[in-house]
Structures are given as C-alpha cells and as structure tokens.
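Hi everyone, thanks for coming. Let me put the structure up, and then we'll walk through a few contacts together.

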Amino acid sequence: MERLKKDRKIKILSILASLVLWSYVMANTSPNIKKSFRDIELVVTNTDKLSDRGYTISKSDLENLSIDIEVEGERKLVNSLNSGDFNANVEFKDIREGTVSLPVYIDTPIGIFVTKKNPDKVNVKLEKIINIEKPVELNITQELDKNTILENTTASPNKILISGARSAVERVDKLICNIDDVSLLSSGTTTLSVVPVDSKGIKVSGVSLSQNFVNFQATVTTKKEVKVKLKKIGMINSLYKITKETVVPDKVVIKGSKKALEKINEVETEDVDIENITKNTTDTIGLKLPDNVVLDNTDGTVTYSIEVEKTQNTQGAMD
C-alpha cells in the first residue's frame, strides 16, 4: 500500500516537472507559429503620378480597401503584433486607361514572413481626365402661373468648364441652377448654385466645376386678357345713326408688372372721328396702352367696322 502511494507521488512529481520543463522550453526557445490578421488597411501610393499624366482613379475603387494576411514567426514576436504593425500598399507602375491589376505589397516587422494574403492583387479602373464646357440653364422647380412670363434671362457666366474622369464628365447632360420663386429674379441679380445633372435630371458626382455659382437676371412679367374698346370722338351727322360697331379682335393680351395690370380691364383704340361718317366704314387702327404695358404677340393694330343708316326723320322728310 505504501509503495502504491510512493509511486503515485512520483508520477505527480514527474508530471509537474514535465510541465515546468515544457514552460521553460516554450518561454526560451519560442518556436515559430502562424497567425492571421484581418482588415488591414490597403493604401494606394503614387497617385500623384496619375494626375501628372492626366489620369484619375475611380473613388469607389479606393473606398474600404483592406486585406487579410497570415504571417509566420517566433511565437513571442507574433503574439506581440496587431494589424497596425503591417503596411499594405499597391503602387502604380503601368499607367494606362482601363482596368489595371496591381499586386499587393506587405511591409512586415523583421523576422515576420507573410505566408498568405487575400487578395494578392487589386483591380482598379484608371480613366483619362477630360474637360468639357457646357452652358448654364435656369431650372424653375415650381410650375409657373399661366399668366406669368419669364423673359430676357441672362446668366453670368453663361458657360462653365466641367472636369473629371471621362465616364463622369460624359454623364453630365447639362448644368442647371434651380429656383422656385421667380420673383427673386426681378428684384436684381440673384446668385444660384450650379448643379451638373444627367439626362434624367439626377445629380452627377465626381466632377469639378470651374465655377460653382452663377449670377442670374431676368424680366418677370404678367399677362392679362382685356377687352378692346373703340374710342369714338365727335358727333355723327344728325341725318345718320350708328347701327352697329365691331372691333376685331375684340380682346387682346397685354403684358406688364403685376401691379401695373391690376386695374386694367380694357384698352382703347386710337381716336376714331365719326363726325363725317355717312356710310359703312372699315379700317385698321392702333391701340392706346398705359405706361409700362405692352401687347403680347400682336402687331398693335385692330380692325374696326362702323355701320350707319339714315335716320327715320330724314327718310320721312325726303318722302
């Protein structure tokens, strides 16, 4: 029995001695181990060479670039490392337009070796930088009242240079300046921001403009349909009377400021002297317009007709 107890003690002591010896060996000999590191930032270098030669790289290709690696080295050294101890980069050497496959390089601490890397290459798209000049357009975001007219619109400058990657610049259909309240244009110069948009009106990103703001001026007028009144002067011969008078057109559209048109419901013709009219008369005549009011889409004249007949008293006397 005592012998069994002795043997058990010896076994326990042997195990403890082995553990101590193993710990010593592991601590002092430090054999090589492998370890993985994830999401190491991948940096693109030599991008200055691209712009010098008139090329650019798609921003989407540069976003969230990272790499996973596996390294090997002494246990103690490997266990002391973190992802920030590694530098991963790609370098442009063969510069040409199109998709380029670039090898990934990893800088590691001394004594550490890369055994795996994923990805080992990165595909990026190189594009030529181009410039296109386009005119600036005013874009009214709210529907104009049917009686509101926007005229004599001018922009300064009226053209702007667009620069950027070929694909982005060629997507730009036009340059617009948005405005919802057109009355702002009539109060003087209005400064509006310039937006590059595609054929569907969607803003195009990734391009730069030679100027981001434009000064706009315009004339904002109101139009109104009013009656035409024949302006007669003098007294018709007592032997005759007017049986009918017409004006064609009997209505015209006038333009002016909203305030100028508020109280105008009709416009008069130039004076028509009826004193010597003894027969049916047709003629053209101009219109008299108030100050700061003009006609819309007419030559400024109307045609009037006056029909007359002898009075009954005259006819009785003749009988």
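Let's begin with two phenylalanines: both F37 and F86 are buried, where buried means under 20% relative accessible area, exposed over 50% and partly exposed in between, with a 1.4 Å probe and protein chains only. Before going on, a word on the source: this is a predicted model, in which local features need pLDDT of at least 70 and side-chain atom pairs count only at pLDDT 80 or more, while totals for chains, interfaces and linings use all residues. Residues are numbered from 1 along each chain as its sequence is written, and side-chain values use heavy atoms, leaving out hydrogens and water.

Back to the rings. The structure holds 1 aromatic pair. F37 and F86 make up that pair, tilted, at 5.0 Å centre to centre with 55 degrees between the planes. For reference, rings of Phe, Tyr and Trp (its six-membered ring) pair if their centres lie within 6.5 Å; planes under 30 degrees apart are stacked, over 60 edge-to-face, and the rest tilted. The pair links distant parts of the chain, 49 residues apart: F37 is in strand β1 (residues 32–45), and F86 is in the loop between α4 (75–79) and β4 (87–91). Helices (H or I, at least four residues) and strands (E, at least two) are DSSP runs, numbered from the N terminus.

Now to strand β10 (residues 159–165), which is mostly covered, with 5 of its 7 residues buried. Which way do β8 and β10 run? Antiparallel, with 7 bridges joining β10 to strand β8 (residues 121–140); strands pair if DSSP finds at least two bridges between them. Here E133 stands opposite L161 in β10.
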